[in-house]
Amino acid sequence: MTKTRSGLTWLVATAALVVALSGCSSSTSGKAAPTGSATPPSSTSPSSTSPSSTAQGGFPIQPAALASLLKSGAASLTSAHITFVVRSGGQSISLGGDEALSNGTVKDFTFDEQIPGVGSITLLSVGGKLYVKLPPSQRQAAKPWTLATANSTNTLVRAMAGSLKSASAQTGVDSAAILVSATNSVNLVGTETLDGAKVGHYRIVVNIAKLPSSFQQKQTLQKSGLTTLPVELYVDEQGRTRKLTESITVGSTHADTIVTLSKLDAPVSITAPPASQVSTR
């Protein structure tokens, strides 16, 4: 079973991506990472704000209790539809697709991604193998699909294969819980209705230094100069994350990220493309 980043971890992965991009764009020498700051995200109006030492409206307000609820909720998921948008520098990168999960771990996924200056890319992971469908102008073979490996001659495909390998040690079940566990406190703003479900709307500030060393993006975030990562988290009563938002500034680069999860436990069918349509270059 392949463990890969799910919608719960795209958020931190994007933060690290923005950090890397800002390091390239704001420093001509490339010798030092820029100084970063985290911008507290905006909030919608809460529907419930009564204080409690243990729970509010059925939602925990202590980090350990919330982390436990998130682990339980993620472990129960069998599938989810993910939409992901990051806006930075007047541009927008969007991604959407489905994941099949088992015990909180992503088994297979299919995503369509829109990247400015590149076009539409489809990422398909089945049985631990990553297949990439690039725009025709980016392909090195006539076949529409490419099996992404560390030996791929296409640099873009090779980079994607490396990203999948890097992410393989991080499970979807623990990602949101790890973020919550690295906070000093959690702020339950209130309860809302999202996609027909009652959710607890949380505002947390992740202390990057408290993230475990095994957390894939910790080193990149630290090198950027960021010390905290503000996150808005929307969790249903079963502990399943329904939405995450984040806003960060690194150097002169600002990025806003929105991740939503819907169609939870809906039937999904994810299959590898026909071998006749797959290039190994």
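**Entry 1: Asp236**

I began with Asp236, which counts as buried at 1% relative accessibility. The model I am looking at is a predicted one. Asp236 is found in strand 12, residues 228–236. I then asked how far the C-alpha of Asp236 is from that of Gly200. The two C-alpha atoms are separated by 6.2 Å, while the residues are 36 apart along the chain.

**Entry 2: helix 2**

Next I looked up helix 2, residues 63–76. I noted 14 residues and a reach of 20 Å from the first C-alpha to the last, close to the 20 Å expected at 1.5 Å a residue. Which residues of helix 2 are buried? I wrote down Pro63, Leu66, Ala67, Leu70, Gly73 and Ala74. Looking down the axis of helix 2, I see the buried residues fall within an arc of 130°, so they line one face of the helix.

**Entry 3: strand 4 and its two partners**

I moved on to strand 4, residues 79–88, and strand 5, residues 91–102. They run antiparallel and are joined by 10 bridges. Ser79 stands opposite Ala100 in strand 5. The hairpin of strand 4 and strand 5 has 2 residues between the strands, and there I found Gly89 with a positive phi near 60°.

Strand 4 also pairs with strand 14, residues 253–262, in the antiparallel sense over 8 bridges. For Arg87, I found the bridge partner in strand 14 to be Asp256.

I checked the loop between strand 14 and strand 15, where Lys263 has its place. Lys263 is not a glycine, yet I find a positive phi of about 50° for it. Is Lys263 buried or exposed? I have it as exposed, with a relative accessible area of 55%.

Asp265 lies in the loop between strand 14 and strand 15 too. Its phi is near 65°, again a positive value in a residue other than glycine. I put Asp265 down as partly exposed, at 34% relative accessible area.

**Entry 4: strand 7 and its neighbours**

Then I turned to strand 7, residues 119–126, which is mostly covered: 6 of its 8 residues are buried. It pairs with strand 6, residues 105–115, in the antiparallel sense, over 7 bridges. Here Ile115 has Gly119 of strand 7 as its bridge partner. I count 3 residues between the strands in this hairpin, with Gly117 taking a positive phi near 85°.

Strand 7 pairs with strand 8, residues 129–133, as well; that pairing is antiparallel and has 5 bridges. Leu123 stands opposite Val132 in strand 8. The strands 7 and 8 form a hairpin with 2 residues between them, and I noted a positive phi of about 60° for Gly127 in the turn.

**Entry 5: cavities**

Rolling a probe the size of a water molecule over the atoms shows where empty space is left. How many cavities of 30 Å³ or more does the whole structure have? I got 3 from the search.

How values were computed: Residues numbered from 1 in each chain as written. Predicted model: local features only at pLDDT ≥ 70, side-chain atom pairs only at ≥ 80, totals over all residues. Heavy atoms only, no water. Buried < 20%, exposed > 50% of the residue type's maximum accessible area, 1.4 Å probe, protein only. Helix = DSSP H or I, 4+ residues; strand = E, 2+ residues; numbered from the N terminus. Pairing = 2+ DSSP bridges. 1 Å grid on protein atoms, 1.4 Å probe; cavity = no way out; pocket = protein on both sides within 12 Å on 5 of 7 lines; lining within 4 Å. Points joined across faces, edges and corners; volume = space filled by probe spheres on them. Expected span 1.5 Å × (residues − 1). Arc of directions from axis to C-beta.
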